[in-house]
Amino acid sequence: MWKERHQAAEELHTFLISIQEHVKKGDPGPFSYKDELQVHLVSPGQCQSLENVWSGNGMAFVVEKKILKLEEDIIEESQASDSHLFDLSVEKSCVPLPVSTMQARQLLSSYTLTHNPNMAQFGNGKPVELLPQLWVRCDSSDAESTCWLGAEPIKTSRNEISGMSFHKVTCAGPTSDKSCFPSLEALKKSHKERHHSSAMQTRGFAQYDLFSCSAVENSVIESQTNVTVDFVWNGVDHILQMPPLTSASTLNIRVESGDLRSPVYPVYKELDFLLVLAEGLKTGVTEWPETLETKSAAELVQELLNELKNKLDGVNNSAPKKDAEKVKSDAAAVDSSIQSFIIERGDLDFAEVLWCKMRKSVASYQDVVNCFSLVLQSLRHGDVHPWIHRGSSSTLSKLIQQSYHGNMQSVSLSGLTPIRMLLEIGLDKMKKDYINCFIGRELATFNYLDYFISTSVDLQEQVHRVKKLHHMLEVVANCNAFLSLEHENLFPLTQSCLKYYKENPWNEQHVFKLPIRPSVVSSFYQNSHPQIWKVEILSGHGQKEVKTMWQLGARPPVDHVSFDVPGTEYNLCYSPYVPMT
C-alpha cells in the first residue's frame, strides 16, 4: 500500500515538474496525465470559475478529466447525418469535465506527499521543491456536493515548506428560497467548531452589475461592454447585507467599441474606415464599406474645390458654407439621446474636410484616384490655395505646402499610393480629434498623449496607437454617459488607461479598475440585487489563519457541473481552509 502511494506521488511530482518546463518553453498545454486526465498550468484570470476561490497568488495546476476528441471520419459522418447534433456535441466537448471526489482526494494525497520534507528522494537529495498549488475539478457526486478540492503549500520566509493548506468548495445548487440560507450566527458557529478561537472577524464582499440596473435599463450596452462595482467592508451584520457607504469600492470597466448606443459611435465608424484602409495598405486588398452620400465622391470633392476657388476669386457663395457646417457637425454627431462627449472642433483644415467627404463617399480604389487627381490638378494650376494645420505630416499636406511656392513635386497616383495618402490625412485628422477631446476636457496633457500621436513610427504602428486612443475614449465616454461620472473620477480613469496602453498592446478585453466612493454609484445599486454576495469569517493569523467563506451568486459558480434550474441564485458554501502543521 505504501509502495503504491509512494510511486503515485513520484509519478505526479515528475509530471508536474515537466509541465513547468514545457510552459517555460511556450507550450500552453493542456498536458495529458494517465490517459484519462489533463492538467493546465494557469495564471490568475485564466480559470474563471476558480477566481472567487483561490488566493490568486502565483500559478496553479488545474486537473480535470480529458476531453475525448472525435476522429475526423466520425466528425465528417456526424456533419453529414445531423449537423445540429454535431454542433451540440462539439459545444459540449468544450466544457471542462470533472473527476470523482475520490479520485480528486487521491491526487491531493499524492501532491501533499511530494511536499513532505522527509521525502528527500523527490528532490534527489536536495530540499523539496515547492510546486504551484493544485486544484481538481470535482463532479459533486459526494454527499457534500464538492465541486473543487485544492491544496496549497505553506511557505516560510526562506521559501521552505512548513505545511499544507487544504481547500474544499461545495455547492448547494440553485435555489430561490432565501429562507434556506443559513444565518450569520450559524456560519460563525460552524467556523468555531473547526477552529476553537474566541476572536473572529467578518468581512463582506458584494458585486453589482451596473449595466443591468433599472436606472440604465434603456441604455444597456448589448455587447461585451460590462461595468461592475465591487464592495469590501469589515463587520458584516447579516446575510445579504447591503454594502455600507463606508465600504471600499472599485469599478471594473470593460468596454467593447462599436456599440450603437455608445456616445462616441460616430467616431468609431470613422476609425473603422481608417482600419479598412490600413488593412488594404497591408494586404493590397481593400473591402470598401457602403457609401453614406447620394452624390459621388468626385462630385463632392469638385464642389469643395469650387468653393475654395470662388473664395480665392472673391465670389461669395453661401451654399458651400452650409455644406461645410454640415461636415463639421457630422464629424461630431452622436446619438441624440446621449449628450456628446466629443468637443466639436471648428478648425478643420482642407485635408480634414477632404477626409470627411471622401470617407463617406468613396466606394472603390478608382474613386480615391479620381478625387486626388482633382485635388492635385487644382493645386498644380494654382486654382486653390487651401490652408492646412502647421505640423501636418501627410503627403497631401506637404504637396499643399509646396504649391504655395509653385514647385509642387509630381506624384504618381498608382499602386498603393492613393490608399496611403487617404490613410495619412485620416490619421492626422483623428489624432487631432482625440487630442482635442482629452485636452479639452482636462483629462490629459499633450505630453501624456505624445506617445499615441507620434509620427516617428511606421504608419501601421500609428494606426495601432490611434486604436488605443479610441478605446480609451470609449471607456471614459461610456462611464460619463451611463454612470454620470464627473471629472474627479474621469481624470484618474484616463490616467490609468494611458499608463496601461503605453505598456501594453490594444486589448478590449482588459478590465480597467477605478477606486470610487460608494455614494457616487449608490443610485445604481441600492435598488438592485447583487450578482455576487460573500461573507468571510476569519480567525487566527498568518499560517494559522482559518477562513470560512459563504457566497451567493446569480450565475452558476462552476463551469464543469450542470445546474438545471435557470434564473435562480446559487448557494455556495466554502469549508474553512485548514492548514496542515
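**Terms and the values behind them**

Mentor: Let us begin with helix α11, residues 395-404, in which L396, S397, L399, I400 and S403 are buried. Buried means a relative accessible area under 20%, exposed means over 50%, and partly exposed lies in between, with a 1.4 Å probe and protein chains only. This is a predicted model, in which local features need pLDDT of at least 70 and side-chain atom pairs count only at pLDDT 80 or more, while totals for chains, interfaces and linings use all residues. Residues are numbered from 1 along each chain as its sequence is written, and side-chain values use heavy atoms, with hydrogens and water left out.

Trainee: Why are the buried residues of α11 said to line one face of the helix?

Mentor: Seen down the axis of α11, they fall within an arc of 160 degrees, so they line one face. The arc is that of the directions from the helix axis to the C-beta atoms. An α-helix has 3.6 residues a turn, so residues three or four places apart point the same way.

Trainee: What covers the buried residues of α11?

Mentor: The cover includes α9 (350-359), α10 (365-381) and α12 (417-440). After α11 comes G406, whose phi is positive, near 75 degrees.

Trainee: What makes a run of residues a helix or a strand?

Mentor: Helices (H or I, at least four residues) and strands (E, at least two) are DSSP runs, numbered from the N terminus. The chain has 16 helices and 14 strands.

Trainee: Which residues touch the most other members of the largest nonpolar core?

Mentor: That core has 100 residues, and L251, I253, L354, F372 and L396 touch the most other members. Helix α14, residues 459-483, gives the most to this core, with twelve residues. A nonpolar core is a set of buried Ala, Val, Leu, Ile, Met, Phe, Trp, Tyr and Cys residues joined through side-chain atoms within 4.5 Å. A second, separate core of 25 residues includes A104, Y111, L130 and L134.

Trainee: With which residues is L354 in contact?

Mentor: Leaving aside neighbours within four places in sequence, L354 is in contact with V301, L304, F372, V375, L396 and I425. Contact means heavy atoms within 4.5 Å.

Trainee: How do you know that β7 and β8 pair?

Mentor: Two strands pair if DSSP finds at least two bridges between them. Strand β7 (residues 201-209) and strand β8 (residues 226-234) have seven bridges, in the antiparallel sense, so they meet that rule. Y208 has V229 in β8 as its bridge partner. Likewise, β8 and strand β9 (residues 248-254) pair in the antiparallel sense over seven bridges, and D230 stands opposite T250 in β9.

Trainee: Why is D237 called exposed?

Mentor: The relative accessible area of D237 is 57%, and exposed means over 50%, so the word applies. D237 lies in the loop between β8 and β9. The C-alpha atoms of D237 and L184 are separated by 7.7 Å, although these residues are 53 residues apart along the chain.

Trainee: What makes Y208 and F231 an edge-to-face pair?

Mentor: Rings of Phe, Tyr and Trp (its six-membered ring) pair if their centres lie within 6.5 Å; planes under 30 degrees apart count as stacked, over 60 as edge-to-face and the rest as tilted. For Y208 and F231 the values are 5.9 Å centre to centre and 85 degrees between the planes, hence edge-to-face. Y208 lies in strand β7 and F231 in strand β8, so the pair ties together parts that are 23 residues apart in sequence.

Trainee: Why is the pair of F231 and Y525 called tilted?

Mentor: Their centres are 4.6 Å apart and the planes stand at 50 degrees, so the pair belongs to the remaining class, tilted. F231 lies in strand β8 and Y525 in helix α16 (residues 522-525), so the pair ties together parts that are 294 residues apart in sequence. Y208, F231 and Y525 form one aromatic cluster.

Trainee: How do you know that the charged end of R465 sits over the ring of Y451?

Mentor: A charge sits over a ring if NZ of Lys or CZ of Arg is within 6 Å of the ring centre and within 35 degrees of the ring normal. The charged end of R465 is 3.9 Å from the centre of the Y451 ring. The charged end of K534 likewise sits over the ring of F205, 5.0 Å from its centre.
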